[in-house]
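Biologist: I'd like to learn how to read strands and salt bridges in a model. Could you take me through one, step by step?
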Amino acid sequence: MTPQPLIKIQNIAKVYQTGEIQVRALDNVSFKINRGEFVAIMGPSGSGKSTLMHIIGALDKPTSGQYLLEGKNVEKLNEDELAEIRNQKIGFVFQFYNLLPRTSALKNVMIPMMYGGIAKEDRARKARSYLAMVGLQNRLEHTPGQLSGGQQQRVAIARALSMNPSIILADEPTGNIASKQAIEIMKILDQLNRKGRTIVVITHENEIAECTKRIIFLRDGHLEKDKPNKKRRNLTKIAL
Ligand SMILES: Nc1ncnc2c1ncn2[C@@H]1O[C@H](COP(=O)(O)OP(=O)(O)OP(=O)(O)O)[C@@H](O)[C@H]1O
Ligand SMILES: [Mg+2]
């Protein structure tokens, strides 16, 4: 028996209606992602990347087609079930970090655990270990304003890990970060993938996509190409 894919997207379309104007942001998109994959979703501005991320992340539903996450039809879930999936199954990383300002790195990482029912006495210990994983063991009490962009994104990655999700879903995680720090972020994602974590990165930058194992190209809402990345960049030699 072939293992069940983690993500199965089947003939998905997404149509936005704004006044008189209809935009077909995704059209007939299909692919599967298995556990342990490291995938980039690429495409020019407006090609549908964020729309697709919102669907994969159960933040939005397609207009037609099917999305199965671990074999579950996401369309059939109610708001509470969707919220639970977003908290337990998916670790989100956003372009603008979305950290709470004036709140320490440690607390930012602990917040999803508060909502996710992790025992109070375990939260700080787990948060410390995730922050150590991204190299921030010496920045626990720093607030976002006291951290560089790359460091803030590392806090966001630690937060994404906090509920031990099936998948890390990152939308332009390096979009606001200088290129040296961007490669460090990719190295962290690469390390997590080497430990078995499934990672999906949305990007419009070749440099970033080349760090992954598989690249899916979108154009005008269509899946243009989906192929293994043969020119994978070796990140193991980059120091953090
Ligand atoms: N909420 C919305 N309402 C109406 N149209 C939308 C909405 N969100 C996106 N669109 C349209 O859908 C298309 C795809 O947008 P999307 O944000 O998915 O692109 P993207 O590939 O993420 O682009 P970028 O690289 O600029 O972030 C665009 O033409 C956009 O104008
Ligand atoms: Mg986008």
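Modeller: Helices (H or I, at least four residues) and strands (E, at least two) are DSSP runs, numbered from the N terminus. Two strands pair if DSSP finds at least two bridges between them. Keep in mind that this is a predicted model, where local features need pLDDT of at least 70 and side-chain atom pairs count only at pLDDT 80 or more, while totals for chains, interfaces and linings use all residues. Residues are numbered from 1 along each chain as its sequence is written, chains are lettered from A and ligands numbered from 1 in the order in which they are written, and side-chain values use heavy atoms, with hydrogens and water left out.

Biologist: In which sense does E9 pair with E3?

Modeller: Parallel, over four bridges. Ala 40, for instance, has Ile 215 of E9 as its bridge partner.

Biologist: And how many residues of E9 are buried?

Modeller: Buried means under 20% relative accessible area, exposed over 50%, and partly exposed in between (1.4 Å probe, protein chains only). Five of the six residues of E9 are buried, so the strand is largely enclosed by the rest of the structure.

Biologist: On to salt bridges. How many does the structure hold?

Modeller: The rule is a side-chain nitrogen of Lys or Arg within 4 Å of a carboxyl oxygen of Asp or Glu. By that rule there are 14. One of them joins Arg 214 to Glu 37, with the closest N and O atoms 3.1 Å apart. Arg 214 belongs to strand E9, and Glu 37 to the loop between strands E2 and E3, 177 residues apart. Both residues are buried.

Biologist: Which helices hold Arg 154 and Glu 184?

Modeller: These two side chains meet in a salt bridge at 3.0 Å, N to O. Arg 154 lies in helix H5 and Glu 184 in helix H6, so the pair ties together parts that are 30 residues apart in sequence. Both are buried.

Biologist: Are Glu 207 and Arg 233 buried or partly exposed?

Modeller: Glu 207 is partly exposed, at 37% relative accessible area, and Arg 233 is partly exposed too, at 32%. Their salt bridge has its closest N and O atoms 3.5 Å apart.
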